[in-house]
Amino acid sequence: MNKQIILNGVAAFLPEKHRVIAINSDRPPLSLSIPASRCLALLVNYQGEVVLREHFFHEVWVSNGAQVTNNTFYQNISLLRRAFKEFGLNEDYIVTVPKVGVKLENTLKITRSEEVEIIATELSQPSTPEPTPPRKIARRLSSSFSKGRFGLGSMVLVLCLGGTFLAWQASMDNRFTEFKPLITQSNCSYFVNSDTTDYKKHRLFARDFKLNCEDFHYVYLTAYNNFARFSAVACERPFSAWRKNHCVTHYVITDNGNAFEK
């Protein structure tokens with residue numbers, strides 16, 4: 001039986017199906033992208049708390065073998081706001097904390113249900129028709145015309161593939177390349193997020209938190225002032241989107257200046 005998360009009594013979020021459906025309304029169901037659906041599930045689980053951007057990155061993308069950029073992350077958050085608005089929910093329920101993360105306001109009433117009746121609206125929707133196969137028109141072309149078109153078509157295909165490759169390359173997650181070197185000690189090189197100016201937490205981590213520096217020499221630390229949690233990504237070699245790497249992520253909370261693994 002599918003789990004359902006009821007939002008303000010007007011919409012049901014089905015995390016296993018990546019859908020939002022209306023309750024007591026004929027509004028058609030809305031399919032969410034898998035990353036957007038996972039982001040919403042994470043916000044629901046931590047309602048009222050700020051979920052770190054790095055936590056989103058790991059739980060939604062990295063742990064599922066994918067990479068992500070800041071732009072892609074915030075685009076998925078925008079998709080969730082539009083989905084809320086479409087179902088009559090205030091998009092301001094989803095709050096962005098700049099350079100830190102996102103939270104779901106406690107004012108949004110959330111209940112969990114497994115009642116099959118709630119998804120009756122979804123079940124009543126007509127099935128998507130099978131796509132009509134494209135018409136074959138190649139036989140209507142003359143031989144010489146076909147050969148000329150084949151050469152031009154090949155060039156267009158190469159250009160399209162090249163453009164797709166460059167777009168994919170631009171979308172790869174290179175955020176670690178912007179990290180600043182902090183310190184090298186005990187065979188570990190520590191790098192810190194460049195969008196902060198206070199590196200006290202980073203230094204405490206490097207001093208107190210014992211990592212396996214024999215195998216993971218490059219450590220990327222993300223921390224912010226007045227925020228208890230941060231992350232440490234330890235890798236065998238410098239981060240690059242274009243080569244294989246083996247990394248381990250540690251989620252950390254701080255308490256009275258000391259760092260402990262969560």
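V95 stands opposite K103 in strand 7. The model is predicted. In this model, strand 6 and strand 7 pair in the antiparallel sense through 4 bridges, and the hairpin they form has 3 residues between the strands. Within that hairpin, K99 adopts a positive phi near 65 degrees.

**The sheet**

- Strands of a sheet pair through backbone hydrogen bonds, in either a parallel or an antiparallel manner.
- The open sheet consists of 3 strands in the order 5-7-6, with antiparallel pairing.
- Strand 5 is joined to strand 7 (residues 101-104) by 2 bridges, and L52 has G101 as its bridge partner in strand 7.
- Helix 3 (residues 70-86) lies across strand 6 and strand 7, at about 155 degrees to strand 6.

**Aromatic rings**

- The whole structure contains 7 aromatic pairs.
- One of these is the edge-to-face pair of F57 and W61, with 6.5 Å from centre to centre and 70 degrees between the planes.
- F57 and W61 both belong to helix 2 (residues 53-61), where they are 4 residues apart, about one turn of the helix.
- The ring centres of F57 and F73 are 5.5 Å apart and their planes meet at 85 degrees, so this pair is edge-to-face.
- This pair links distant parts of the chain, since F57 lies in helix 2 and F73 in helix 3, 16 residues apart.
- F57 is buried at a relative accessible area of 0%, and F73 is likewise buried at 0%.
- One aromatic cluster is formed by F56, F57, W61, F73 and Y74.

**A charge over a ring**

- The charged end of R27 sits over the ring of F87, 5.6 Å from its centre.

Methods: Residues are numbered from 1 along each chain as its sequence is written. This is a predicted model: local features need pLDDT of at least 70, side-chain atom pairs count only at pLDDT 80 or more; totals for chains, interfaces and linings use all residues. Side-chain values use heavy atoms; hydrogens and water are left out. Two strands pair if DSSP finds at least two bridges between them. Contact means heavy atoms within 4.5 Å. Axes are lines fitted to C-alpha atoms, for helices over the stretch in contact, and angles run from 0 to 180 degrees between N-to-C directions. Rings of Phe, Tyr and Trp (its six-membered ring) pair if their centres lie within 6.5 Å; planes under 30 degrees apart count as stacked, over 60 as edge-to-face and the rest as tilted. Buried means under 20% relative accessible area, exposed over 50%, partly exposed in between (1.4 Å probe, protein chains only). A charge sits over a ring if NZ of Lys or CZ of Arg is within 6 Å of the ring centre and within 35 degrees of the ring normal.
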